[in-house]
Amino acid sequence: KVLNTEYLLLGHGSRRSEANQGLVEVAKKVSKILGKNVTPVFMDHQVPNLPEGVMEKINAGAKRIVVMPLFLFRGIHVAIDIHEEVREIREKYPDVEIIFTRELGSDDAIAQLACTRIKEAIENV
């Protein structure tokens with residue numbers, strides 16, 4: 001059975017709009033790569049927040065929502081907060097599957113990107 005699946009990219013959010021724009025840009029790039037619409041949502045300081053984003057997708061008919069926390073490591077937000085934010089929604093809509101991917105973590109691609117940034121800094125001195 002094919003479920004109507006929607007995708008959310010979750011960022012921390014900032015009082016600085018320039019910082020929030022970064023998540024919007026990454027969501028656009030992920031959308032293009034996946035060939036699926038990926039909506040940016042935020043933990044703090046910006047809308048939509050995670051529960052708003054989830055409800056928007058449910059109201060649009062989603063039966064599965066995949067949330068990718070764009071966080072480096074498994075801190076309190078990833079381990080606890082994001083699950084608490086959707087607990088009541090899960091209870092109210094048990095027929096909707098809400099899936100959380102792993103955080104970015106200590107992936108080789110992150111280490112490679114760190115090396116790229118270090119080399120850029122040295123080359124620009």
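Predicted model: local features only at pLDDT ≥ 70, side-chain atom pairs only at ≥ 80, totals over all residues.

Student: Why is His45 called partly exposed?

Tutor: Buried means under 20% relative accessible area and exposed means over 50%, with partly exposed in between. His45 has a relative accessibility of 42%, so it counts as partly exposed. Its phi is near 70°, a positive value in a residue other than glycine.

Student: What makes the peptide bond from Val47 to Pro48 cis?

Tutor: The omega of that bond is near 0°. Pro48 is also found in the loop between β2 and α2.

Student: How do you know what span to expect of helix α3?

Tutor: The expected span is 1.5 Å times one less than the number of residues. Helix α3, residues 76-92, has 17 residues, for which 24 Å is expected, and its reach of 24 Å from first C-alpha to last is close to that.

Student: Which residues of α3 are buried, and what do they pack against?

Tutor: His77, Val78, Ile82, Val86 and Ile89 are buried. The buried residues of α3 pack against β1, α2, β3 and β4.

Student: Which residues touch the most other members of the largest nonpolar core?

Tutor: Of its 18 residues, these are Leu10, Leu50, Val54, Ile65, Val67 and Ile98. The largest share of this core, four residues, comes from α3. A second, separate core of eight residues includes Tyr7 and Val66.

Technical notes
Residues numbered from 1 in each chain as written. Heavy atoms only, no water. Helix = DSSP H or I, 4+ residues; strand = E, 2+ residues; numbered from the N terminus. Buried < 20%, exposed > 50% of the residue type's maximum accessible area, 1.4 Å probe, protein only. Contact = heavy atoms within 4.5 Å. Core = buried A, V, L, I, M, F, W, Y, C linked by side-chain atoms within 4.5 Å.
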